[in-house]
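The sequence and the structure are shown below.

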Amino acid sequence: MRDVARLAGVSHQTVSRVLNDHPNVRPETRDRVLAAMRALNYRRNSAARTLVTRRSRTLGLVAFETTLFGPASTLYGIEQAARAAGYFVSVASIRALDRESVLEAIDRLCEQSVEGIVAIAPKNTVVTALSQAPAGLAVVGVGGGGESVPTVCIDNATGAALATRHLLALGHATVHHIAGPADWPEARDRVDGWREALYAVAAPVPAPRLGDWSARSGYEQGRLLATDPSVTAVFCGNDQIALGALRALHEAGRRVPEDVSVVGFDDVPESGYFLPPLTTVRQDFAELGRRSLDLLIEQLNGGSRTNRRVSLTPTFVARTSSGPPSA
């Protein structure tokens, strides 16, 4: 730091203020200090800083190995929010969403002196494992159920109800549903929201068809639905399922939306380019990351763990894959 100060022509204290984003530094001075840091290839010694401040400014993130859009986008949103708040992020990836794997990941992160842990929790087993983390460790579960730890999630039931009510308002007598896997709370909540929307208007409630979040499962279930001429509206558990259903309907000669309306969930970046563009429910993953980080920092500042649950309402995106039933 003294070398940087000498090259930049400022005091040691000014370099410290720049490093800590202190507001009382003129922009031209800050630029000069940053240029000196680059010229000297200066890097802050995080280990020494931790010894002095007793804070690592590092957060642990438990994620699982998946290419699913929702969990992957949640991971990105949390990382971006943490870095914007001045924290380093250490990620522990797990292959199985079981209690033992999550606890092992927590242990690995604690060995790195993380200040708190955020876990992407699509299953209740992850939340259960989080509740067994060391008592003094701040933790947040993102996306899962349970009341044993602080949680941030999307209101999946409301999102599913928005999709179902949209189709009913277009004039469809009922709405069929291709759901996600039954052991995911998000999938169960979407089934509940879909079912309650049908109950509310005394519409027939078909048995939900189970998928696994993949386009393949949407295609397989879509082929079965395409054989039933009474099916005029389908709400899919996510956009990938909807993609498979769209192909199955096309191959069966069922036009979308003239013969069958299709609605998805997630609003993946490609959904506006499906054929036809997909009506769907949008989740704000950036906000999910920000709120989970806020809940973690709230615990760090307060010194104790809470059981607060934050639920974010998704938004509905109408495109051309849904329309009124044909005469």
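Helices (H or I, at least four residues) and strands (E, at least two) are DSSP runs, numbered from the N terminus. The loop between H1 and H2 holds Gly-9. The structure discussed here is a predicted model.

## Overall architecture

The secondary structure of the chain consists of 12 helices and 12 strands. Along the principal axes, the C-alpha atoms fill a box of roughly 80 × 45 × 30 Å.

Of the 327 residues in the chain, 50% are buried. The chain exposes about 15700 Å², and carbon and sulfur atoms supply 51% of that area. Among contacts with a separation of 6 or more, 69% join residues 24 or more positions apart.

Ser-11 is found in the loop between helix H1 (2-8) and helix H2 (12-19). With a relative accessible area of 31%, Ser-11 is partly exposed. Between the C-alpha atoms of Ser-11 and Ala-173 the separation is 74 Å, and the two residues are 162 residues apart along the chain.

Strand E1 (residues 58-64) is mostly covered, with 7 of its 7 residues buried. In a regular strand the side chains alternate between the two faces of the sheet. In E1, Thr-58, Gly-60, Val-62 and Phe-64 point one way, while Leu-59, Leu-61 and Ala-63 point the other way; all are buried.

E1 runs parallel to strand E2 (residues 88-94), to which 7 bridges join it. Within that pairing, Leu-59 has Val-89 of E2 as its bridge partner. The unit formed by E1, helix H5 (residues 69-84) and E2 is a right-handed β-α-β unit. E1 also pairs in the parallel sense with strand E3 (residues 116-120), over 4 bridges. There, Val-62 stands opposite Ala-119 in E3.

## The sheet E7-E6-E8-E9

An open sheet is formed by 4 strands in the order E7-E6-E8-E9, with parallel pairing. Its edge strands are E7 and strand E9 (261-263), each of which pairs on one side only. Helix H8 (residues 156-169) packs on this sheet and touches E8 and E9; the direction of H8 makes about 170° with that of E8.

Which residues cover the two sides of strand E6 (residues 176-179)? His-176 and Ile-178 lie on one side and His-177 and Ala-179 on the other, and all of them are buried. E6 is joined to strand E8 (residues 233-236) by 3 bridges, and the two run parallel; His-176 stands opposite Val-234 in E8. Toward strand E7 (residues 209-210), E6 forms 2 bridges, again in a parallel arrangement. Here Ile-178 stands opposite Arg-209, and Ala-179 stands opposite Leu-210. From E6 the chain crosses through helix H9 (residues 185-200) to E7, and this β-α-β crossover is right-handed.

## Helix H10

The length of helix H10 (residues 215-226) can be checked against its residue count. At 1.5 Å a residue, its 12 residues should span 16 Å, and the end C-alpha atoms are 16 Å apart, so the two values agree.

The buried residues of H10 are Ser-217, Gly-218, Tyr-219, Gln-221, Gly-222, Leu-225 and Ala-226. An α-helix has 3.6 residues a turn, so residues three or four places apart point the same way. The elements covering the buried residues of H10 include E6, E7, E8 and helix H11 (239-251).

How values were computed: Residues are numbered from 1 along each chain as its sequence is written. This is a predicted model: local features need pLDDT of at least 70, side-chain atom pairs count only at pLDDT 80 or more; totals for chains, interfaces and linings use all residues. Side-chain values use heavy atoms; hydrogens and water are left out. Buried means under 20% relative accessible area, exposed over 50%, partly exposed in between (1.4 Å probe, protein chains only). Two strands pair if DSSP finds at least two bridges between them. A crossover is right-handed if, with the strands pointing away from the viewer, the path from the first strand over the helix to the second runs clockwise. The expected span of a helix is 1.5 Å times one less than its number of residues. Contact means heavy atoms within 4.5 Å. Accessible areas come from the Shrake-Rupley method with a 1.4 Å probe; for residues, only the protein chains shown count as cover. Axes are lines fitted to C-alpha atoms, for helices over the stretch in contact, and angles run from 0 to 180 degrees between N-to-C directions.
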